[in-house]
Amino acid sequence: CKILRCNSEYVAATLHLRGPGHGAAFCTALRSYSLCTRRTARTCRGDLAFHSAVHGIEDLMIQNNCSKEGPTAPPRPRPPAPNPQGFESLDICDYERSFLYKHGRPPGFQHCAAFGDPHIRTFHDDFHTCRVEGSWPLLDNDYLFVQATSSPVAKGSNATVTSKLTIIFKNMKECIDQKVYQAELDNVPAAFQDGSVNGGTRAGGSSLVIWERSPGRHVEIRANYIGTTIAVRQAGRQLSFSIRAAEEVARAFTEEQDLQLCVGGCPHSQRMSRSPRGRSRVPVEIARALCREMLPVEDVYFQSCVFDVVTSGDTNFTMAAHGALEDARLFLPDAEKLHIFQ
């Protein structure tokens, strides 16, 4: 994949075009950049830098009112770089840094979470309570696969909780070996399945790391090579999952990968009302009082907490909702979207 060559040629062609009055020349350089990426499309199809460049070109052409049709010019010879911090020396496994260099702005991020019953907060801030017994994919894209396995919250209940999480960080040859993380009830390890705590022996192995936040209860996995952080928690008899993912990573999937709870929420046939029904194991008012201690704002996290405590009789579900809210506070790019009211 020769996308770095395309990037270098574009930088060389536009170094002298800063400031007003260079619109036509800048558009010519962008069309040349686009042509170069098309020529590398076959070999770069699975490369994150390639997809970042393609999206960046589209944005820049719109911002500068550039036509896709028009002259292209061979790039100017690149002058010797006087500073050793040029793109070639940038760590390709530091996603945020390389994105900022290429686009002149930080990347965008999205947040998804699954906790409690399970309740799903999608990348698009939709919120569902799901039945989903068995194994369902939360994510399935070019870089990550995350599967949640659910079982009934209590005998005779339609509600389910996540009892197992499987996370696969797919092989990225410049940075990491494929790594698999698996958590089950009462077994939330601070290591991948092979016993390692990072991305392996490749040059970018340290760009994937597991941190233990609370022994056996809370781990954080930082995948800097794709600008992504994941939190896995256990509260009571359930596991929860939260993710902050770079936008282009969250979008990197095909039509065949259409079932992802983080993208589309749970299917309509699997959605449940959060109004507690059937036999209550804890009175609603007691559940509301318990949840209010941890969640003073009566948003969907509060409603989910009440539903889970009433349905299961397990007061530890207050901690599950509180942990999900704290993850959202850390992971959400827009603090104003923290609370959802339905």
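## Helices H9 and H10

In this predicted model, helix H9, which spans residues 300–312, packs against helix H10, made up of residues 317–331, at an angle of about 160° and with the two axes 8 Å apart. Because angles over 145 degrees count as roughly antiparallel, H9 and H10 are described as roughly antiparallel to each other, and their crossing is right-handed.

On the H9 side the contact is made by Tyr301, Cys305, Asp308, Val309 and Ser312, while H10 contributes Phe317, Thr318, Ala321, Ala324, Leu325 and Ala328. Sorted by class, the contact of H9 with H10 consists of eight nonpolar residues, two polar residues and one charged residue.

## Helices H8 and H9

Helix H8, covering residues 284–294, also packs with H9, here at an angle of about 130° and with the axes 9 Å apart. That angle makes H8 oblique to H9, and the crossing of these two helices is right-handed.

From H8, the residues Val284, Ala287, Arg288, Leu290, Cys291 and Arg292 meet Phe302, Cys305, Val306, Val309 and Val310 of H9. This contact of H8 with H9 holds nine nonpolar and two charged residues, with no polar residues by class. Cys305 and Val309 of H9 take part in the contact with H8, and Cys305 and Val309 are also listed in the contact of H9 with H10.

Strand S4, formed by residues 134–140, and strand S5, formed by residues 144–152, run antiparallel and are joined by six bridges.

## Arg233 and its surroundings

Arg233 lies in strand S10, which comprises residues 228–235. The side chain of Arg233 is joined to the side chain of Asp327 by a polar contact of 2.9 Å.

When its neighbours within four places in sequence are left aside, Arg233 is in contact with Arg217, His218, Gln238, Leu239, Ser240, Gly323, Glu326 and Asp327.

How values were computed: Residues numbered from 1 in each chain as written. Predicted model: local features only at pLDDT ≥ 70, side-chain atom pairs only at ≥ 80, totals over all residues. Heavy atoms only, no water. Axes fitted to C-alpha atoms, helices over the stretch in contact; angles between N-to-C directions. Helix = DSSP H or I, 4+ residues; strand = E, 2+ residues; numbered from the N terminus. Parallel < 35°, antiparallel > 145°, perpendicular 65-115°, else oblique. Left-handed = near helix turned anticlockwise from the far one by under 90°. Contact = heavy atoms within 4.5 Å. Nonpolar A, V, L, I, M, F, W, Y, C, P; charged D, E, K, R; others polar. Pairing = 2+ DSSP bridges. Polar contact = N/O pair within 3.5 Å; in protein donor to acceptor, adjacent residues only side chain to side chain.
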